[in-house]
Amino acid sequence: DMTPIGRLLNRFSADMDVLDNQVPRQLGQGIGCLEVFFAIFVGIVILNPWATLAIVPVSLGYWIVVAHYRYASRDSQRLEAITKTPIFNRISEVLGGLSTVRAFGYQDYLIEKGCVEIDHNQACNLLKVEGAQWLSLR
């Protein structure tokens with residue numbers, strides 16, 4: 001059983017992107033959001049203690065929404081990763097057989113197929129990003 005080179009490249013590049021770009025950004029944003037949340041929560045409790053009674057049911061409702069979003073987010077992220085693998089496969093295959101591609105004049109065909117694969121990947125990526133934005137507005 002062999003793992004396609006595109007899947008390996010996809011996995012490695014995705015892991016490096018997470019470590020280099022997403023973890024520091026998300027950590028900073030998460031800490032900033034927690035600071036703002038606690039400051040607002042303390043302000044509400046000081047100014048209107050009765051509002052804390054409403055915070056509990058609203059928090060539970062939000063927790064339920066997040067639980068449903070988690071499944072959709074995982075599936076959309078999986079679809080995006082699956083549609084990215086053929087892109088890496090095509091790039092590695094073309095680079096390996098570049099002289100053959102040029103000799104038989106397959107450049108336009110491979111460009112067209114690559115664009116279709118990128119369109120499919122970006123449609124899944126858009127779904128993932130829109131889902132995250134929907135949750136952030138809740």
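The model described here is predicted.

## Surface and charge

By this method, the protein chain exposes about 10,900 Å², and carbon and sulfur atoms supply 67% of that area. Of the 138 residues in the protein chain, 15% are buried.

The protein chain carries 12 positive and 13 negative charges, whose mean positions are 5 Å apart.

## Fold and dimensions

Four helices and zero strands make up the secondary structure of the protein chain, giving the pattern α-α-α-α when read along the sequence. The radius of gyration is 22 Å, well over the 14 Å that the globule rule gives for 138 residues, so the protein chain is more spread out than a compact globule. The C-alpha trace spans about 75 × 30 × 25 Å along its principal axes.

Contacts in the protein chain can also be considered by sequence separation. Among those between residues at least 6 apart in sequence, 81% join residues at least 24 apart.

Arg90 belongs to helix α2, which comprises residues 51–96. Is Arg90 buried or exposed? Its relative accessible area is 19%; the cut-off for a buried residue is under 20%, so Arg90 counts as buried.

Leaving aside residues up to four places away in sequence, Arg90 touches Leu110, Lys113, Gly114 and Glu117.

Notes:
Residues numbered from 1 in each chain as written. Predicted model: local features only at pLDDT ≥ 70, side-chain atom pairs only at ≥ 80, totals over all residues. Heavy atoms only, no water. Helix = DSSP H or I, 4+ residues; strand = E, 2+ residues; numbered from the N terminus. Rg over C-alpha atoms; globule rule 2.2 N^0.38 Å. Buried < 20%, exposed > 50% of the residue type's maximum accessible area, 1.4 Å probe, protein only. Contact = heavy atoms within 4.5 Å. Areas by Shrake-Rupley, 256 points an atom, 1.4 Å probe, with all protein chains shown as cover. Lys, Arg positive; Asp, Glu negative; His and termini not counted. Charge placed at Lys NZ, Arg CZ, Asp CG, Glu CD.
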